[in-house]
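Subject: Structure handover

Hello,

Please find the structure below, followed by notes on what was found in it. The notes go through it site by site.

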Amino acid sequence: MTKEQVIVTAAQMRDIEGRIFAAGMPVAALMEKVARLISDRLQAIIPQGQRVGILVGPGHNGGDALVVARELHFRGYQVWIYQPFSKLKELTSQHFQYAQSIGITCYQELEELPNCNFLVDGLFGFGLEREITDTIASAINHFNEWNQQIFSIDLPSGLHTDTGEVLRTAIRANYTFCLGLWKQGLLQEQALEYIGKAELIDFDIPLADIHAVLGNPPKINRITKTTALATLPLPRSPVTHKYKSGHLLLICGSRRYAGGAILTGLGARASGVGMLSIAVPESIKPLLVSHLPEALIIDCPETETGAISHLQLPGKTHLSSFTVIACGPGLTQDAMPIVQQVIESEVPLIIDADALNILAQLGTISTLQKRQAATVLTPHTGEFERLFPDIDYTNRIRAVQTASAQTGAIVLLKGARTAISNPEGVVWINPESTPALARGGSGDVLTGLMGGLLAQAANKQTPIEDVVATAAWWHSQAGILAAEERTELGVDAFTLTQYLMKAIKN
Ligand SMILES: NC(=O)C1=CN([C@@H]2O[C@H](COP(=O)(O)OP(=O)(O)OC[C@H]3O[C@@H](n4cnc5c(N)ncnc54)[C@H](OP(=O)(O)O)[C@@H]3O)[C@@H](O)[C@H]2O)[C@@H](O)CC1
Ligand SMILES: Nc1ncnc2c1ncn2[C@@H]1O[C@H](COP(=O)(O)OP(=O)(O)O)[C@@H](O)[C@H]1O
Ligand SMILES: [K+]
């Protein structure tokens, strides 16, 4: 486990910090160490001699900011301090006194502030639990209107550390230097517009303290490159053969939504799965064959509306012949019988898109409780709402945990920060993605890719949620790479499939 993988709440961070202090580390020494690391990063980014405004709060976040102010002052920057509070914590108060004594100008009134080129935000860190008061709220709004780059210490002041909720108003940072361990709120979607570029400042928290507070392994994790690559089916065994590398059945598409089937198939192709079968309505078989010549296309009888009416598997094939089934993209609501049939099978199953809406109609919890084999649900928020009308998804981490516990399925909630949970509450969050993926069809690509990875992992010990997390990571990395080369406007779902291989080759 690496520290990049760990996610904490404010209470957990306080417990970890408490253990470090109880073990003998002086509070002031830790503040000194952390703030020196922050000022080193700032000096690497801000050109020498620039004018830097430092915003100081009443707690230890303000203390960090004051140490940063002192360091930048001695390194030749033109520093001023804004500190509008009447009462400071003791250590913060000492640093404030010292900063004044060395000649750094300190202001209490917003109107008096001179201009500057950069701002460092040390108003509040993980100690902020209640709404920001009038004076501070208007100061924050004022700073957000300046054009200077803002660097937030630990998290943008005004965000709730756990939920990422804006407590009335919050600093809109360009950079966030998260201290020690990633705070949960920085991975919540409502916080994303405030964080800017986030990086972790590692200040050597002992692993033993992390495990003592969070458990070993911790329950809530960030997906990292290391965790994702560990789960990819690479290198392949030199003696594998096609039937040993998984047989995935995709059930997707309709006359109206033929493209969804192609995109799902192309996602699956990129996974490296040994055998790929795709069940589609008979009228779109030729189209699928022309796009995916390596796949076995199973043509099924179709309804008047062009949806699959029932599954017609060739020869001696049964649903149990497949390692994994992925079902949903482009099916339309008319494909209910086939969705019922696969849910009743004992094959590991991914349910996506139209199949999720059909599942909601069938009754999410009662239907899934009957399943014996593994199930993965991949809703976006709209689908999630239909599946789980009683679950509040503002805290997405808690939402996926609840949904997974209620159904026994692995639940992946799509979005800018996709969250995945297993029924025991083990959570993975995908910390990096791109809004370039917010386009029709990109979810279909994910379903195919995930199906192919799950089929290849079938006989391994890897937990299913780890494979699901790897698929989400890979999909986002492809989007990020494509957006870098083609801009955020250039990542249509077909193009995305072309970047899947490049993303892991890098
Ligand atoms: N963990 C670590 O290992 C390390 C932690 N470090 C740093 O410590 C930070 C946490 O410090 P912290 O606990 O002192 O809290 P912080 O975020 O500064 O703010 C709380 C203060 O604000 C006040 N206050 C609250 N709400 C308010 C409101 N609405 N309006 C006005 N005031 C309000 C509240 O006062 P009170 O509630 O008593 O009124 C309290 O004084 C952390 O983010 C990191 O930067 C590093 O130095 C070393 C390593
Ligand atoms: N703002 C965003 N930032 C990052 N990723 C996003 C964003 N919006 C959507 N995505 C991703 O794009 C995909 C969209 O999937 P989905 O909504 O199912 O689309 P479709 O059904 O059209 O294929 C998901 O993987 C989701 O996580
Ligand atoms: K802050």
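Helices here are DSSP runs of H or I of at least four residues, strands are E runs of at least two, and both are numbered from the N terminus.

Some conventions before the rest. This is a predicted model, in which local features need pLDDT of at least 70 and side-chain atom pairs count only at pLDDT 80 or more, while totals for chains, interfaces and linings use all residues. Residues are numbered from 1 along each chain as its sequence is written, chains are lettered from A and ligands numbered from 1 in the order in which they are written, and side-chain values use heavy atoms, with hydrogens and water left out.

The α17/α18 contact

Helix α17 covers residues 464-486 and helix α18 residues 493-505; their axes are 8 Å apart and the packing angle is about 105 degrees. Axes are lines fitted to C-alpha atoms, for helices over the stretch in contact, and angles run from 0 to 180 degrees between N-to-C directions. Contact means heavy atoms within 4.5 Å. On the α17 side, the contact residues are Trp-473, Trp-474, His-475, Gln-477, Ala-478, Gly-479, Leu-481, Ala-482, Glu-485 and Arg-486. From α18 they are met by Thr-495, Leu-496, Tyr-499, Leu-500, Met-501, Lys-502, Ala-503 and Ile-504. By type, the residues of this contact are 11 nonpolar, four polar and three charged. In that division Ala, Val, Leu, Ile, Met, Phe, Trp, Tyr, Cys and Pro count as nonpolar, Asp, Glu, Lys and Arg as charged, and the others, Gly among them, as polar.

The loop between α17 and α18 holds Thr-487. Thr-487 is not a glycine, yet has a positive phi of about 75 degrees. It counts as partly exposed at 47% relative accessibility; buried means under 20% relative accessible area, exposed over 50%, and partly exposed in between (1.4 Å probe, protein chains only).

Asn-61 in helix α3 (residues 60-74) and Asp-121 in strand β5 (residues 118-122) are 60 residues apart, a pair that links distant parts of the chain.

Asn-61 counts as buried at 9% relative accessibility, and Asp-121 counts as buried at 0%.

Backbone points

Most residues other than glycine have a negative phi, and most peptide bonds are trans. Asp-154, in the loop between β6 (149-153) and β7 (175-179), has a positive phi near 75 degrees and is buried at 4% relative accessibility. The Asn-216 to Pro-217 peptide bond is cis, with omega near -5 degrees; Pro-217 sits in the loop between α7 (207-214) and β10 (220-222). The Leu-234 to Pro-235 bond is also cis, with omega near -10 degrees, and Pro-235 belongs to the loop between α8 (225-231) and β11 (247-251).

Other residues

Ile-278 is in strand β12 and is buried, with a relative accessible area of 0%. Leaving out residues up to four places away in sequence, Ile-278 touches several others, including Leu-249, Leu-250, Cys-252 and Gly-265. Ile-104 lies in the loop between α4 (90-101) and β4 (105-107) and counts as buried at 4% relative accessibility.

Regards
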